[in-house]
Amino acid sequence: MVHIETVDLSSRNVTLPSDRVGMVIVQPFLSLTDIEPFRSTAQAKEQQLAMLADTLTVARAARHGAPKTHFTVFPEYSIPGQEGITLIDTAIQAPEWPTGTIVIGGTDALTKVEFATLVATTGTHLDTTHNSLERIAENAWINCAIIWIKGGDGTVERWLQPKLHPAWPEQNVHYQHMFRGNSVYTFKGTFENVTQYRFSSLICFDWIATVENRKIWQWVLEDLQRQATQAQAELSLSWLFVLQCNPKPSHDTFLTEVGRFFDQNTLPSVRRDRACLLFANSAGKAVPGRADAYGSTSLVFPPQTLFAQPDCNPTFSNGGPRFRSSTLLSGYRDVVFRERGACIHSFVQVNPNSLTPGAAGRTIAVENAFVFPLCGTNDRRAPSDAVAGCVKWLNDELDQLPPLSVTYPQVPLATPTDATHQHTVSVLRQISPQSAAHTVKLAAQASKAVHADDWDATESNALEHLVHTLDIVSLGCPPPTVGSDSVHASVVINNQTVDLLAIRGDSHEECLKHSQALVPMPRRQMLLVSRDPDNNPWLRRLGSFLQPETPHLGEEHKITDPASNLLHLGYRNVLDIFQQTAAATAVPGAIDAALAN
């Protein structure tokens with residue numbers, strides 16, 4: 001069986017707000033040894049210690065707006081040994097660290113000697129009946145969660161909870177076995193409104209592991225059910241923290257347990273209809289960006305909560321197939337932080353019990369969700385502030401968008417376009433969220449997306465078209481101005497300032513109509529570079545009957561002819577200029593000549 005040990009925090013004066021709590025969760029990129037015991041590599045240890053320090057600094061600052069950070073969370077394997085534990089100990093014991101707070105973290109592998117030293121430290125608790133040192137083999141290693149509590153009087157205590165069940169890499173070992181723990185702590189205390197809170201923590205695979213025909217979370221709930229029966233009352237679980245180092249956080253096996261956990265028909269005296277299930281995972285890459293593995297730190301609430309579902313909130317998504325590759329949580333309030341790279345998440349989590357029904361109580365589960373950088377990273381996706389979904393998507397796409405020189409390495413202008421590509425990407429990264437959303441919407445004529453979390457291949461192809469158009473048109477010209485107007489950019493070609501539109505769509509004609517619908521009547525000449533699905537050239541004879549004469553670069557605007565300010569080229573025409581021109585300085589003249597044809 002799994003023993004459940006209850007710790008009462010009421011006597012330690014750890015009282016939590018009844019409406020919302022401040023949380024900080026780090027999502028670190030881990031570099032662990034290839035063989036067991038799995039520990040931070042020597043090369044990565046200093047960076048891991050810096051990650052701890054950065055996270056503790058963010059937690060102390062409480063930029064999320066709550067009076068203090070009530071929960072600070074470090075995922076599985078993220079605390080590098082005794083040095084990391086000491087660093088956290090020192091920070092929490094300092095007078096600057098607020099009282100009445102909780103820190104939960106997972107260490108990398110500890111030897112028996114290291115674990116015994118930890119156990120012997122003043123203020124440390126271990127369930128020695130079920131996790132005694134005598135049960136640990138001499139060559140075994142321990143994957144351990146530590147729960148630090150700083151009481152109302154400033155006293156710091158910590159509870160050690162070894163992982164109960166190894167994941168496959170922890171089972172499939174060649175040299176040393178992981179010690180299997182046999183108990184879980186449940187902490188209980190009082191909210192400011194005198195109701196009770198309870199929380200427990202599990203380490204990654206423990207969320208899905210079976211011990212004697214029961215999931216470990218079932219052992220936790222059954223113990224609460226027993227207490228509820230004895231008290232002839234209902235008891236509530238407020239939080240269950242799952243510390244992960246999980247390459248597939250949205251695997252069906254993990255998500256299926258969510259429904260079972262929240263099923264109120266089983267163990268009905270243990271209320272989970274207002275609980276928060278929190279998955280804290282490590283990062284999929286060392287810097288912010290898109291990753292196929294790890295990340296997806298998230299909070300999941302049951303369907304019964306009254307939280308409203310936002311359309312496309314900054315910093316986090318609503319999960320679903322786009323972010324989960326699964327529909328298993330479609331009926332839940334799923335808060336999935338978009339950033340899967342290394343970062344720190346800081347936010348306020350609203351207590352579901354604080355909501356009132358009706359329009360007046362309409363509330364989103366998470367407030368002031370900010371993304372902080374780790375180790376001095378400078379990135380729009382970790383600005384120590386909120387990150388709009390369009391900014392996150394745009395920067396992720398720009399990471400993966402190659403310059404034209406990759407496709408056309410032998411073209412004389414291949415190397416010059418590397419420089420213009422670098423500038424194009426750099427300036428697009430800096431545009432405002434509003435400009436980012438408009439930029440993509442304007443570039444993608446065929447888009448049916450409602451907001452940035454719906455953007456996919458259509459928008460990605462349109463962005464590629466925009467970037468490569470800017471890369472070519474910028475050759476031989478001063479750097480373009482991007483993101484400051486309703487157009488994509490302003491470019492000086494042959495001493496004439498031209499507003500540039502780059503639109504990809506169903507046809508050149510549809511691209512033209514799209515530009516007219518989204519961009520006001522031009523005050524100066526506008527160059528539209530359109531691209532159809534087959535990348536056909538724009539043929540002047542197929543142009544609009546509203547534009548009987550061909551406008552030229554620098555030609556004076558005719559008041560009686562609204563279309564006289566519109567210049568039009570197909571991307572095929574522009575690409576031909578790139579492929580057939582020998583020098584960057586000749587590109588503006590080639591564009592002028594193409595417009596005259």
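**Briefing: helix and strand packing in a predicted model**

Helix α15 (residues 587–596) lies across β25, β27 (526–531) and β28, running at about 100° to β28, where axes are lines fitted to C-alpha atoms, for helices over the stretch in contact, and angles run from 0 to 180 degrees between N-to-C directions. This is a predicted model, in which local features need pLDDT of at least 70 and side-chain atom pairs count only at pLDDT 80 or more, while totals for chains, interfaces and linings use all residues. Residues are numbered from 1 along each chain as its sequence is written, and side-chain values use heavy atoms, with hydrogens and water left out. Helices (H or I, at least four residues) and strands (E, at least two) are DSSP runs, numbered from the N terminus.

**The sheet β24 to β28**

- Five strands form an open sheet of mixed pairing in the order β24-β25-β26-β27-β28, two strands being paired if DSSP finds at least two bridges between them.
- The edges are taken by β24 and β28 (566–570), each with a single partner strand, so one side of each is left without a neighbour in the sheet.
- Two bridges pair β24 with strand β25 (residues 489–493) in the antiparallel sense, and Val 482 stands opposite Ala 489 in β25.

**Helix α10 and its surroundings**

- Helix α10 (residues 414–429) has 16 residues and reaches 22 Å from its first C-alpha to its last, close to the 22 Å expected at 1.5 Å a residue, the expected span being 1.5 Å times one less than the number of residues.
- Its buried residues (under 20% relative accessible area, with exposed over 50% and partly exposed in between, 1.4 Å probe, protein chains only) include Thr 417, His 421, Val 425 and Arg 429.
- Seen down the axis of α10, the buried residues fall within an arc of 170°, so they line one face of the helix; the arc is that of the directions from the helix axis to the C-beta atoms.
- On the other side of α10, Thr 415 and Gln 422 are exposed.
- The buried residues of α10 pack against elements including α8 (389–400), α12 (457–473) and β24 (481–482), contact meaning heavy atoms within 4.5 Å.
- Asn 395, placed in helix α8, counts as buried at 1% relative accessibility and touches Arg 380, Arg 381 and Arg 429, residues up to four places away in sequence not being counted.

**Strand β10**

- Seven of the seven residues of β10 (residues 156–162) are buried, so this strand is largely enclosed by the rest of the structure.
- Three bridges join β10 to strand β7 (residues 124–126) in parallel, whereas seven bridges join β10 to strand β9 (residues 144–150) in the antiparallel sense.
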